[in-house]
Amino acid sequence: MKSSKKVLAFALAAAMVVTAVPATNAQAASTAKLSATKATVYSEGYKTVTVKTPKSWKSVKVTATSSKKSVATVKKTAAKKIKVTGVKPGTAKVTVKVTYKTSTKKSAKAKTKKLTYTMKVAKVGVALSGDSVVAIGSTTKLTNTKKNSSRAKITYTSSDDSIATVAADGTVTGVKAGKATITAKITVGKDSATTTKDVEVKNYVLKSVAQNKTNELAATIDGATKNIKASEVTIKTPDNVVLRVKSVSVDDKDAAKVTLTTFSEMRDGKEYT
C-alpha cells in the first residue's frame, strides 16, 4: 500500500514538472506578423520591416507592394525583410503578402496571409530665427527652427549682396546701410520648402547701455564705432527732453565698448531712452 502511494506521488510530481515547461517560440507564434506596422520618415528616408512567421511553416515566400509608388517604394532585401523608402510627402500603404505551407507533403495546399504597413512621408519645413538688424561689418546667424531630416540641405541667398551677404551656414554680414531679403530653401529628395527674412543693415546697432556716473553711460555698440559723432547720439528724458552728448569715447582694445558723456547729469532715477 505504501509503495503504491509513492508511485502515485512520483507520477503527480512528474506531471507537474511537464506542465511547468514554458511554450517555445515556435509554439507561441501562431501567425505571421510585422516587426512594425507604421513609420514616419522624410523624403529619401527609409525603414526596414521584418516579417516574423512560425517556425512550423514551410516554404515561406514574402512579397510586398506599395499603394502609391510616388510616395513610398518597397524592395525586398532578404527573404523576410522589406525596405520601405519615402519618395515625397504623403501616405502610402504597403501590403505584405506571405505565402506558406504547413506541411512538406506534395498534397499540401499553399495558404496566404496579408499584412499592412503604413508609411507616412513628412514634409520638410523651414523657419528662420536670428536678429533682423545688423551693423556694417558685423554679423548675425540665421538658423532653421523646424525639425527635418539629417539629409536635408539648406541654401541661403541675399537679394542684394552690396547691402548684406549670407554664407552657406546662414551667417549674414552687413556691408552697407540698407535692407536686404535673405531667402532660405531647404531640400531633401523631391521635397522642398522656402522662407524669407528681411534684414536691415545700419551704421551702428546699440546692443546694451548702462549708467556709470551721473553724466556717463557705458554702451555696447556694433559697427564702425570710431566714426560715431556726439551729434548722432540722442538721449531723451521721460518728458522727451533731449540731453546733449558731450563726447564719445571708444575703447582701444574693444571697439564695441563705447563711453557716452553728457553735459547734463542724470540723477532722478527715471528711465531714459
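This is a predicted model: local features need pLDDT of at least 70, side-chain atom pairs count only at pLDDT 80 or more; totals for chains, interfaces and linings use all residues.
Visitor: Why is T53 called buried?

Guide: Buried means under 20% relative accessible area. T53 has a relative accessible area of 13%, so T53 counts as buried. T53 is found in the loop between β3 (46–52) and β4 (58–66), and touches A32, V60, K80 and V98, leaving aside residues up to four places away in sequence.

Visitor: What makes the pair of T53 and K80 side chains a polar contact?

Guide: A polar contact needs a pair of N or O atoms within 3.5 Å, one able to donate a hydrogen and the other to accept it. The side chains of T53 and K80 make such a contact at 2.6 Å, so the pair meets the distance cut-off.

Visitor: Why does T183 count as partly exposed?

Guide: The partly exposed class lies between the buried limit of 20% and the exposed limit of 50%. T183 has 25% relative accessibility and therefore belongs to that class. T183 lies in strand β16 (residues 178–188). Residues touched by T183, not counting those up to four places away in sequence, include T155, Y156 and T194.

Visitor: How do you know which element gives the most to the lining of the largest pocket?

Guide: By residues given: β18 gives the most, with 6. The lining has 23 residues, and L206, V209, V233, T234 and L260 lie nearest the pocket's centre. The elements giving two or more residues to this lining are β18 (204–213) and β19 (216–223).

Visitor: What classes of residue make up the lining of the largest pocket?

Guide: The lining has 14 nonpolar, 4 polar and 5 charged residues. The volume of this pocket is about 560 Å³.

Definitions and conventions
Residues are numbered from 1 along each chain as its sequence is written. Side-chain values use heavy atoms; hydrogens and water are left out. On a 1 Å grid over the protein atoms alone, a cavity is a set of points where a 1.4 Å probe fits but cannot get out, and a pocket is an open set with protein on both sides within 12 Å along at least five of seven lines; lining residues have an atom within 4 Å of a point. Grid points are joined across faces, edges and corners, and a volume is the space filled by probe spheres set on the points. Helices (H or I, at least four residues) and strands (E, at least two) are DSSP runs, numbered from the N terminus. Ala, Val, Leu, Ile, Met, Phe, Trp, Tyr, Cys and Pro count as nonpolar, Asp, Glu, Lys and Arg as charged, and the others, Gly among them, as polar. Buried means under 20% relative accessible area, exposed over 50%, partly exposed in between (1.4 Å probe, protein chains only). Contact means heavy atoms within 4.5 Å.
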